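Subject: Structure handover

Hello,

Here is the structure you asked about, followed by notes on what was found in it. Please read the notes with the model open beside them.

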Amino acid sequence: MFRRIFVGMSKYLLPITILMFTLAIMISVSSLLIGDYFLVQLSCKFLMVYYLGLILPYTLHEYFHAKLLEYFKVDIKIEYTVFRFSIIALTEMSGISEILVALVGPVGVFMIGLLLWISNITFYGINLNFLTYFYLFHLIFLLPVFGDGKIVLINVLKYFRRISNGNNN
């Protein structure tokens, strides 16, 4: 499952990843040639933010969705466009299952962010606490303007509508 998601993400992100990596190498090489190591450090931090702060949490977010869908034995389709990467459930699910699947991505990445923030990790003298905000920020995907939040809102509204109609099942 992870390999399938990683391959899908790679196809989706490969062009921009190549561009980012090429820019970082060009900046590093040119700054080494002129003897300014500040730009080398800056480009390394940039790559760290790009991979560990943007790509990894986003991949984990989708992976958590996929693992729970796999647990519920739901067939999935990986869909990607220029601006979006999504895992689409092909099998019908109950309302509570849909809510759980929608919650697990943002909440799982948020929990990893909390663990990173509490652990206060340092890597080669660089405090990585600034990366935790990328993980904590994933709760924003629970707003109704995003797919996860929309799924939660729709299913909660369906539940309350069903209760108000007298059907508790």
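The protein chain has five helices and four strands. Starting at the N terminus, the elements follow the order α-α-β-β-α-β-β-α-α. Please keep in mind that this is a predicted model. Of the 169 residues in the protein chain, 32% are buried. Among contacts between residues at least 6 apart in sequence, 64% join residues at least 24 apart.

The pairing of α2 and α3

Helix α2 covers residues 38-71, and helix α3 covers residues 95-119. Their axes come within 8 Å and cross at roughly 140 degrees. Angles over 145 degrees would count as roughly antiparallel and those from 65 to 115 as roughly perpendicular, so α2 and α3 are classed as oblique to each other. The crossing of α2 past α3 is right-handed.

Which residues of α2 meet α3? They are Pro57, Leu60, His61, Phe64, His65, Leu68 and Leu69. On the α3 side, the residues they meet are Leu100, Val101, Ala102, Val104, Gly105, Pro106, Gly108, Val109 and Ile112.

His138

His138 sits in the loop between α4 (129-136) and α5 (147-164). Is His138 buried or exposed? Its relative accessibility is 5%, and the limit for buried is under 20%, so His138 counts as buried.

Leaving out residues up to four places away in sequence, His138 touches Pro57, Tyr58, His61, Pro106 and Val109. Pro57 and His61 are among the α2 residues that meet α3, while Pro106 and Val109 are among the α3 residues that meet α2.

Val107

Val107 belongs to helix α3. The C-alpha atoms of Val107 and His138 are 7.4 Å apart in space, although 31 residues separate the two in sequence. When neighbours within four places in sequence are set aside, Val107 is in contact with Leu139 and Leu142. Val107 has a relative accessible area of 33%. Because buried requires a value under 20% and exposed a value over 50%, Val107 is partly exposed.

The salt bridge

How many salt bridges does a search of the whole structure find? It finds one. The partners are Lys67 and Glu70, with their closest N and O atoms 2.7 Å apart. Both residues lie in helix α2, three residues apart, which is about one turn of the helix. Lys67 is partly exposed at 35% relative accessibility, and Glu70 is partly exposed with a relative accessible area of 37%.

Aromatic pairs

A search of the whole structure gives five aromatic pairs. One of them joins Phe141 and Phe146, whose ring centres are 5.1 Å apart. The planes of these two rings are at 65 degrees. Planes over 60 degrees apart count as edge-to-face, so the pair of Phe141 and Phe146 is edge-to-face. Phe141 counts as partly exposed at 22% relative accessibility. Phe146 is also partly exposed, with a relative accessible area of 30%.

Regards

Key. Residues numbered from 1 in each chain as written. Predicted model: local features only at pLDDT ≥ 70, side-chain atom pairs only at ≥ 80, totals over all residues. Heavy atoms only, no water. Helix = DSSP H or I, 4+ residues; strand = E, 2+ residues; numbered from the N terminus. Buried < 20%, exposed > 50% of the residue type's maximum accessible area, 1.4 Å probe, protein only. Contact = heavy atoms within 4.5 Å. Salt bridge = Lys/Arg side-chain N within 4 Å of Asp/Glu carboxyl O. Phe/Tyr/Trp six-rings, centres within 6.5 Å; stacked < 30°, edge-to-face > 60°. Axes fitted to C-alpha atoms, helices over the stretch in contact; angles between N-to-C directions. Parallel < 35°, antiparallel > 145°, perpendicular 65-115°, else oblique. Left-handed = near helix turned anticlockwise from the far one by under 90°.
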